[in-house]
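Please keep the sequence and the 3D view at hand while reading.

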Amino acid sequence: MESAPFPHDLVQLQAAWNRTYAALAAEPRPTANTALRRRLLMLSTRLCWHPFWSGPGRMLAALPELRSQARAMDAQR
């Protein structure tokens, strides 16, 4: 399968979503959970409504590739 040409800001959004999800899942911290959940919701909304998805032939079925690219970007850090 060919790699989808995702915009850099979309890959960054997905990477931020991954990091936020991992922080929320890591260990229960009652004082931080609400803020992390709100951030996850905000990032999810921005990911879903990103202008990239409105282009012709672009479907949310490309999400696994987006997630893979975001993980690779984080691994390079």
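## The salt bridge

The side chains of R19 and D74 form a salt bridge, with a nitrogen-to-oxygen distance of 2.7 Å. Because R19 belongs to helix α1 (residues 8–26) and D74 to helix α3, this pair ties together parts that lie 55 residues apart in sequence. The structure, which is a predicted model, holds one salt bridge.

Side chains of opposite charge can pair when their charged atoms come close. How accessible are R19 and D74? R19 has a relative accessibility of 37% and therefore counts as partly exposed. D74 has a relative accessible area of 23% and is likewise partly exposed; the cut-off for a buried residue is under 20%.

## M73 in helix α3

Helix α3 spans residues 63–76 and includes M73. Is M73 buried or exposed? Its relative accessible area is 15%, so M73 is buried, given that buried means under 20%.

Which residues does M73 touch, leaving aside those up to four places away in sequence? The contacts of M73 are H8, V11, Q12 and A15.

## Aromatic pairs

The model has four aromatic pairs. In one of them, the ring centres of F6 and F52 are 5.3 Å apart and the ring planes meet at 55°, so the pair is classed as tilted. F6 lies in the segment before α1, and F52 lies in the loop between α2 (30–48) and α3; the pair therefore ties together parts that are 46 residues apart in sequence. Both F6 and F52 are buried.

F52 also pairs with W53: their ring centres are 5.0 Å apart and their planes are at 75°, so this pair is edge-to-face. The edge-to-face class applies because the angle between the planes is over 60 degrees. With a relative accessibility of 8%, F52 counts as buried, and W53 is buried too, with a relative accessible area of 10%. Through ring pairs, F6, F52 and W53 are linked into a cluster.

Notes:
Residues are numbered from 1 along each chain as its sequence is written. This is a predicted model: local features need pLDDT of at least 70, side-chain atom pairs count only at pLDDT 80 or more; totals for chains, interfaces and linings use all residues. Side-chain values use heavy atoms; hydrogens and water are left out. Helices (H or I, at least four residues) and strands (E, at least two) are DSSP runs, numbered from the N terminus. Buried means under 20% relative accessible area, exposed over 50%, partly exposed in between (1.4 Å probe, protein chains only). Contact means heavy atoms within 4.5 Å. A salt bridge is a side-chain nitrogen of Lys or Arg within 4 Å of a carboxyl oxygen of Asp or Glu. Rings of Phe, Tyr and Trp (its six-membered ring) pair if their centres lie within 6.5 Å; planes under 30 degrees apart count as stacked, over 60 as edge-to-face and the rest as tilted.
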